Amino acid sequence: NYLLKLDVRPKKPGGNITVSLCEKWMLTSLDCVRKSIMMSYEAGSWNNLEALLSSATLTTSPWFASKTVKFALHNPTDSYIDIKNVRLESIQGENLLTNGSFAKDLDHWFFSADNH
């Protein structure tokens, strides 16, 4: 299991954010873990958000056959959400993400859009 921690600031009240962890093979996603988190926060203020992600569907392979795992944040609404201080922690409390504070701009982050 993993613990997701992040700070969110929605531009509108309500809404949600979807988080996914997927094993990747070339361009294909396999065995994804997804969680939608409802935000009932007041618009314009920063709020701490935490969610537990189960890793039960992610396969365990020896080091030489392990797959890359992709972490994704998705905003399915038509409203903006500011995000900062993103942490994905292992059971031991180790942060598995690099530059979750965005202190180094967008290093280690890739943005994409599914709906143009």
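**Close-up 1. The disulfide count for this predicted model comes to one.** Cys 22 and Cys 32 form the disulfide, with their sulfur atoms 2.1 Å apart. Cys 22 belongs to strand E2 (residues 16–25) and Cys 32 to strand E3 (residues 28–38), so the bond ties together parts that are 10 residues apart in sequence. The torsion about the S-S bond is about 120 degrees, so the disulfide is right-handed.

**Close-up 2. The two cysteines of the disulfide, Cys 22 and Cys 32.** Cys 22 is buried, at a relative accessible area of 6%. Cys 32 is partly exposed, at 22% relative accessible area. The limit for buried is under 20%, so Cys 32, at 22%, counts as partly exposed.

**Close-up 3. Phe 71 and Trp 109 in an edge-to-face aromatic pair.** A search of the whole structure gives two aromatic pairs. In this one, the rings of Phe 71 and Trp 109 lie 6.4 Å apart, centre to centre, with 70 degrees between their planes. The pair links distant parts of the chain. Phe 71 is in strand E5 (residues 68–74). Trp 109 is in the segment after strand E6 (81–89), 38 residues from Phe 71. Both residues, Phe 71 and Trp 109, are buried.

**Close-up 4. Phe 102 and Trp 109 in a tilted aromatic pair.** Together, Phe 71, Phe 102 and Trp 109 form one aromatic cluster.

**Close-up 5. Lys 84 over the ring of Trp 46.** The charged end of Lys 84 sits 4.3 Å from the centre of the Trp 46 ring.

Methods
Residues are numbered from 1 along each chain as its sequence is written. This is a predicted model: local features need pLDDT of at least 70, side-chain atom pairs count only at pLDDT 80 or more; totals for chains, interfaces and linings use all residues. Side-chain values use heavy atoms; hydrogens and water are left out. Rings of Phe, Tyr and Trp (its six-membered ring) pair if their centres lie within 6.5 Å; planes under 30 degrees apart count as stacked, over 60 as edge-to-face and the rest as tilted. Helices (H or I, at least four residues) and strands (E, at least two) are DSSP runs, numbered from the N terminus. Buried means under 20% relative accessible area, exposed over 50%, partly exposed in between (1.4 Å probe, protein chains only). A charge sits over a ring if NZ of Lys or CZ of Arg is within 6 Å of the ring centre and within 35 degrees of the ring normal. A disulfide is a pair of cysteine sulfur atoms within 2.5 Å.
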